[in-house]
Amino acid sequence: MADTQQVDPKAERKVARLAHQISTFAKAHGGAEGQVAHIGERGARIVLVGEDGGWGDLVAPSTEIAEQAVEKAGITVHESFDGEFAAKVTTGRYEWKRMAGIQIGG
C-alpha cells in the first residue's frame, strides 16, 4: 500500500528556513546544541547554545516543525535546559545588567 501522508509545502519551507538558520548559527559558533520547548499556542522555542558559549533562540509555529528543523540541521538536542547544557552559556555585561534591571524594576 502506498504512503498517502499529506505534505504541507508551507510547513516544509518553514522547516527548511529554520534548519538553515540553526546551521548558520552553528557554523558561526563552532557548532551548536539545542533544546525544544513547547510555548503554548505560539508554538515552540528552539534554544541554541554554541560551542563558544554564544546563545540565541528561534520560534517555530509548532513543536513538530521545531523538532524537524533541529533534526534536519543535525545538532544535538537536549530534553531540558539544565545542568551541563545550561552551564555552556556565556553571559556578558549586557545580560547581567538587564537581569539586574528586571529585579529592580528597570
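The largest nonpolar core comprises 20 residues, and Ile 22, Ile 46 and Leu 48 have the most contacts inside it. Such a core is a set of buried Ala, Val, Leu, Ile, Met, Phe, Trp, Tyr and Cys residues joined through side-chain atoms within 4.5 Å. H1 supplies the largest share, seven residues. The model is predicted: local features need pLDDT of at least 70, side-chain atom pairs count only at pLDDT 80 or more, and totals for chains, interfaces and linings use all residues. Residues are numbered from 1 along each chain, and side-chain values use heavy atoms, without hydrogens and water.

Leu 48 touches, among others, Ile 22, Phe 25, Trp 55, Leu 58 and Ile 75, not counting residues up to four places away in sequence; contact means heavy atoms within 4.5 Å.

In helix H2 (residues 63-73), Ile 65, Ala 66, Ala 69, Val 70 and Ala 73 are buried. They lie on the same side of H2 because they cover an arc of only 130° around the axis, taken from the directions from the helix axis to the C-beta atoms. Glu 64, Glu 71 and Lys 72 are exposed on the other side. The buried residues pack against helix H1 and strands S1, S2, S3 and S4.

One aromatic pair is counted, with ring centres required to lie within 6.5 Å. The rings of Phe 81 and Phe 85 have centres 5.1 Å apart and planes at 80°, so the pair is edge-to-face (over 60 degrees; under 30 is stacked, the rest tilted). Their accessibility is tabulated with its classes (buried under 20% relative accessible area, exposed over 50%, partly exposed in between; 1.4 Å probe, protein chains only).

| Residue | Relative accessible area | Class |
|---|---|---|
| Phe 81 | 37% | partly exposed |
| Phe 85 | 3% | buried |

Terms used. Helix = DSSP H or I, 4+ residues; strand = E, 2+ residues; numbered from the N terminus. Phe/Tyr/Trp six-rings, centres within 6.5 Å; stacked < 30°, edge-to-face > 60°.
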